[in-house]
Amino acid sequence: MAAQTVSRRQALGWRRAGFGATASSLPATRAALLLIAVLSAAIAPAHAQPDRIVSLNLCTDQMALMLVPRKTIRSLSYLAVRPDISAASDRAGGILLNHGRSEEILPLHPDIILAGRYTARPTVFLLERLGYDVLDQDISRSIADVRERVREAGLALGKTDEAEAQVAAMDARLAALAPRPGERRPTAIYYQPNGFAAGADTLVGDVIAHAGLDNLGANAGVRGHGRMPLETLLELHPEVLIVDDRKPEAPALAYEVLRHPALKAMIDRTVQVVVPTRLWICGIPAVVDAVEILAAARSKVIARSGS
């Protein structure tokens with residue numbers, strides 16, 4: 001893996017330096033480049049730490065800020081500085097921002113580009129074809145996925161020790177927040193504008209489970225983030241109603257369901273808790289802060305019911 005990474009970077013450098021082969025010189029050039037690649041791979045440190053890092057994705061922005069020195073980050077996505085969705089917005093100020101366009105990235109001559117599986121695809125495909133090192137991270141659907149993403153980023157950035165430290169700290173907090181064996185798991189649901197609920201195979205659902213709550217969205221058959229009619233929600237009558245802190249930038253019908261009189265009446269009989277979107281929009285260790293908020297709600301319900 002390390003040798004492949006080195007060879008791609010080297011090939012890119014040779015192209016920039018003008019090592020274009022003509023037809024007559026092709027065999028000799030190939031032999032020379034192969035020799036250089038083999039020798040360089042042999043002496044290069046495994047998983048060398050890149051010092052020109054560019055991120056195109058909100059989640060990888062936060063990975064970079066968490067794992068590497070700030071001075072090695074050449075650019076972050078424009079979302080990194082938004083405090084409503086970025087848990088690292090306070091650390092992203094002053095770093096060049098990008099909108100995922102190739103004309104913004106190429107002049108930076110990055111050692112590695114961090115991207116998300118569904119972000120800036122034309123740019124990612126172009127950068128890969130040009131031979132750039134691209135870490136293309138998938139979304140996280142569980143806390144186990146979060147561990148995997150952190151370790152994956154740590155390996156790509158030459159920061160495996162830092163990544164393991166983050167995972168260990170996350171796991172220690174999760175263990176402290178876990179319900180006691182045999183403790184009752186109050187029912188809960190995450191309800192969003194337009195009547196969407198978080199069901200099975202979602203990071204939100206796994207956070208709810210780690211907080212010692214029973215996710216009614218999954219119990220009702222919702223997979224991923226799916227629609228749940230208000231009537232179904234009222235029938236389920238969750239003990240904990242989870243909402244986020246995002247407000248519409250303009251009047252929107254999507255939010256009307258959250259203002260329905262029947263829902264307001266139900267809220268009066270439940271524990272309503274607000275989880276900031278920035279805590280679980282990405283698969284990063286900040287999800288433990290969401291677990292902590294929900295674990296406190298669990299404790300409140302249990303204390304109220306006396307069970």
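**Figure 1. Overview of the protein chain in a predicted model.** Of the 307 residues in the protein chain, buried residues make up 47%. The chain holds 13 helices and eleven strands. Among contacts between residues at least 6 apart in sequence, 64% join residues at least 24 apart.

**Figure 2. Close-up of the crossing of helix 7 and helix 8.** Two packed helices are described by the angle between their axes and the distance between the axes. Helix 7 spans residues 143-156 and helix 8 spans residues 160-177. Their axes come within 7 Å and cross at roughly 160°. Because angles over 145 degrees count as roughly antiparallel, helix 7 is roughly antiparallel to helix 8. The crossing of these two helices is right-handed.

**Figure 3. Residues in the contact of helix 7 with helix 8.** Helix 7 contributes Ile 143, Val 146, Arg 147, Val 150, Arg 151, Gly 154 and Leu 155. From helix 8 come Thr 160, Ala 163, Glu 164, Gln 166, Val 167, Met 170, Asp 171 and Leu 174. The residues of this contact divide into eight nonpolar, three polar and four charged.

Figure 4. Helix 9 covers residues 203-210. The buried residues are Leu 203, Val 204, Gly 205, Asp 206, Val 207 and Ile 208. Just after helix 9, Gly 212 takes a positive phi of about 85°.

**Figure 5. Close-up of the crossing of helix 9 and helix 13.** The axis of helix 9 and that of helix 13, which spans residues 287-305, come within 8 Å and cross at roughly 50°. Helix 9 and helix 13 are therefore oblique to each other. Their crossing is right-handed. In the contact, Leu 203, Val 207, Ile 208 and His 210 of helix 9 meet Val 287, Ala 290, Val 291 and Leu 294 of helix 13. These residues divide into seven nonpolar, one polar and no charged.

**Figure 6. Close-up of a network of salt bridges.** Side chains of opposite charge can pair when their charged atoms come close. The network links Arg 117, Asp 138, Arg 141 and Asp 201. Within this group, the side chains of Arg 141 and Asp 138 meet in a salt bridge, at 4.0 Å from N to O. Arg 141 counts as partly exposed, at 28% relative accessibility. Asp 138 is also partly exposed, with a relative accessible area of 23%.

**Figure 7. Close-up views of two further salt bridges, Arg 101 with Glu 103 and Arg 180 with Glu 183.** In the pair formed by Arg 101 and Glu 103, the closest N and O atoms are 3.7 Å apart. Arg 101 is partly exposed, with a relative accessible area of 41%, whereas Glu 103 is exposed, with a value of 53%. The side chains of Arg 180 and Glu 183 meet at 3.5 Å, N to O. At 62% relative accessibility, Arg 180 counts as exposed.

Notes
Residues numbered from 1 in each chain as written. Predicted model: local features only at pLDDT ≥ 70, side-chain atom pairs only at ≥ 80, totals over all residues. Heavy atoms only, no water. Axes fitted to C-alpha atoms, helices over the stretch in contact; angles between N-to-C directions. Helix = DSSP H or I, 4+ residues; strand = E, 2+ residues; numbered from the N terminus. Parallel < 35°, antiparallel > 145°, perpendicular 65-115°, else oblique. Left-handed = near helix turned anticlockwise from the far one by under 90°. Contact = heavy atoms within 4.5 Å. Nonpolar A, V, L, I, M, F, W, Y, C, P; charged D, E, K, R; others polar. Buried < 20%, exposed > 50% of the residue type's maximum accessible area, 1.4 Å probe, protein only.
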